[in-house]
Amino acid sequence: MTNQEIIDWKIASLANDDNSTLSIEMKNYIENSSQLQDELLFIEKFWTSDVKPQVMPSDKLDANFYQMLSRAQSVQHNSSKKETTQHQSDYKSTQQKRASIFAKARNWFIPTKISQFATLSVVFVLGFNLNQAPDNEKMNEAYSGLKQEVSSLTTVLAMSMLQNDSASERLSGVAYSRKTDLSNPLLVERLIDLLKRDKSTSVRLAIINSLGQLKTFGSSEQQLFTMATQEENLLVQIELCRLLLNYGSVDIKNLLTEQANQQLLTPEVREFIKAQSMASFI
Amino acid sequence: MLDENELMFQVKAGQLDKLATLFENNKVKLFNYFIRTGNNRALSEDLVQETFMRMLAYRTGFNGSGTFKSWMYGIARNTVADHYRKNKNQALNCDMENEELINEQTLGDEIEIEQQNAIFNKSLASISPQDRDIIMLSRFQQLNYQEISTLLDCNLNTLKSRMRNAVSKLQMSYQKLIGENS
């Protein structure tokens, strides 16, 4: 018999983990040790006293949990729906392919089809030979030149519209900028500048939407990150976070998640980033 | 009624709504666990939320080798450890340590109990987090020795000896505080 054994028994019995009663041998052992008696008394006092009543969490915890659960369920639902649709379309296309291969093979041997095929072949050979003419290269050059000119004209038009006082004109400017595939760095710079200071939320949201075309943000990424963390307009801030989480570099995504974890962002934005991370995780 | 292990297996199988039952059964206990480990209310709520989010994300890792409770507290402990690792500069907002002792003379049972509770809280706050954790898991979260040993990944005998050591430190601290207060 040791002190350790008796203390183990005491704690286990207080924690309802051991229902055995104290044996005579144990009782005698305890009676002979005043230090052990003190220890047991203390343990009993501590285990049976109500050190602190249970504190109830707020309703916010419930709200947040059920919001998270419903998001997870919708993500699960969407992904299973996608899988089913994918399976169905795969099955359909395989069936269609099978059917169409047989039908095509049968059609090839119909006499009228053979004559049609011969005519088409002649037209194709003639057309191919005519297109080999040296003038065609010049035409191609002229066409791509014209295309470039149109693109630069659209860029100029977009840039001038972005400077307009009317918000609807600026919105049109953003729409024009989308037509240029944002290859002009000056135009991108102008858009980001406008995103920083424009008073109209619609214009700013349209710009963020357009910037999604870029796929990579290069040197502008840090600027967009700063904006995303300091933005006061919640809607714009969330859209900026979405843009960076979808198209930003891994480093920027990590930085943004870190900001959310360190509670440096508003609860709504933190919630959004968590949900996005969870959606990608699930 | 299904036991919690069974419910967690259903969550693992894709019945995410079953997590709501587990949440309702455990939210208060988990919240109080975080409060008792020295976190404020707002942070404790965030930690409960984060724990359940991780349970959802890591649901495939639940294999039922231990009880659901020990698995859940394992995630909860990692959640709080990760939080403080990420926020190194953020000191533990220790409600227990800040609790004022009542310096009035003992006038009735209520005050005596309150006084004693305050000293217990102070004693708990004064011992090492590792010792405090073992005592709290047994005393307040009502985990049995087997569950705690699974959670802490140690054998039963080691756990018993650690528990005795922790209780002895708690008693020393308690007696010291009683001496200071009398």
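The legends below walk through close-up views of a predicted two-chain model.

Here, local features need pLDDT of at least 70 and side-chain atom pairs count only at pLDDT 80 or more, while totals for chains, interfaces and linings use all residues. Residues are numbered from 1 along each chain as its sequence is written, and chains are lettered from A and ligands numbered from 1 in the order in which they are written.

**View 1. Chain A is built from helices, with zero strands.**
Count along chain A and you get 13 helices. Helices (H or I, at least four residues) and strands (E, at least two) are DSSP runs, numbered from the N terminus. Of the 282 residues in chain A, 19% are buried. A residue is called buried if 20 or more other C-beta atoms lie within 10 Å of its own, exposed if 12 or fewer, and partly exposed in between, with C-beta atoms placed from the backbone. Now take the contacts in chain A with a separation of 6 or more: residues 24 or more positions apart account for 59% of them. Two residues are in contact if their C-beta atoms, again placed from the backbone, lie within 7 Å.

**View 2. Helices α9 (residues 201-211) and α11 (residues 234-247) of chain A pack together.**
Two packed helices are described by the angle between their axes and the distance between the axes. Axes are lines fitted to C-alpha atoms, for helices over the stretch in contact, and angles run from 0 to 180 degrees between N-to-C directions. For this pair, the axes come within 10 Å and cross at roughly 0°. α9(A) and α11(A) are therefore roughly parallel to each other. (Angles under 35 degrees count as roughly parallel, over 145 as roughly antiparallel, 65 to 115 as roughly perpendicular and the rest as oblique.) On the α9(A) side, look for A:Thr201, A:Arg204, A:Leu205, A:Ile208 and A:Leu211; their partners in α11(A) are A:Leu235, A:Val236, A:Glu239, A:Leu240 and A:Leu243. Sort the residues of this contact by class and you find seven nonpolar, one polar and two charged. Ala, Val, Leu, Ile, Met, Phe, Trp, Tyr, Cys and Pro count as nonpolar, Asp, Glu, Lys and Arg as charged, and the others, Gly among them, as polar. The buried residues of α9(A) include A:Val203, A:Ile207 and A:Ser210. What do the buried residues of α9(A) pack against? They sit against α7 (167-179), α8 (185-197) and α11 of chain A.

**View 3. α8(A) packs with helix α10 (residues 220-230) of chain A.**
Here the angle is about 10° and the axes are 11 Å apart. That makes α8(A) roughly parallel to α10(A). A:Val188, A:Ile192, A:Leu195 and A:Lys196 come from α8(A), and they meet A:Ser220, A:Gln223 and A:Met227 of α10(A). This contact has four nonpolar, two polar and one charged residue.

**View 4. Chain B has nine helices and zero strands, and a nonpolar core to go with them.**
A nonpolar core is a set of buried Ala, Val, Leu, Ile, Met, Phe, Trp, Tyr and Cys residues joined through C-beta atoms within 7 Å. In chain B, 37% of the 182 residues count as buried. The largest core has 46 residues, and those with the most contacts inside it include B:Phe34, B:Phe52, B:Ala76 and B:Leu170. Domain 1 (1-93) and domain 2 (103-182) of chain B both give residues to this core, so it lies between them; the domain bounds come from an automatic or database domain assignment. Leaving out residues up to four places away in sequence, B:Ala76 touches B:Leu30, B:Tyr33 and B:Thr51.

**View 5. Chain B meets chain A.**
The contact takes 35 residues from chain B and 34 residues from chain A. Elements giving two or more residues to the chain B side are α2 (18-36), α3 (41-57), α6 (109-126), α7 (129-139) and α9 (156-181). The largest share, eight residues, comes from α2(B). By class, the chain B side has 17 nonpolar, 12 polar and six charged residues.

Is B:Ser128 buried or exposed? B:Ser128 is exposed, with 9 other C-beta atoms within 10 Å. B:Gln142 is partly exposed, with 13 C-beta neighbours inside 10 Å. B:Asp153 has 7 C-beta neighbours inside 10 Å and counts as exposed.
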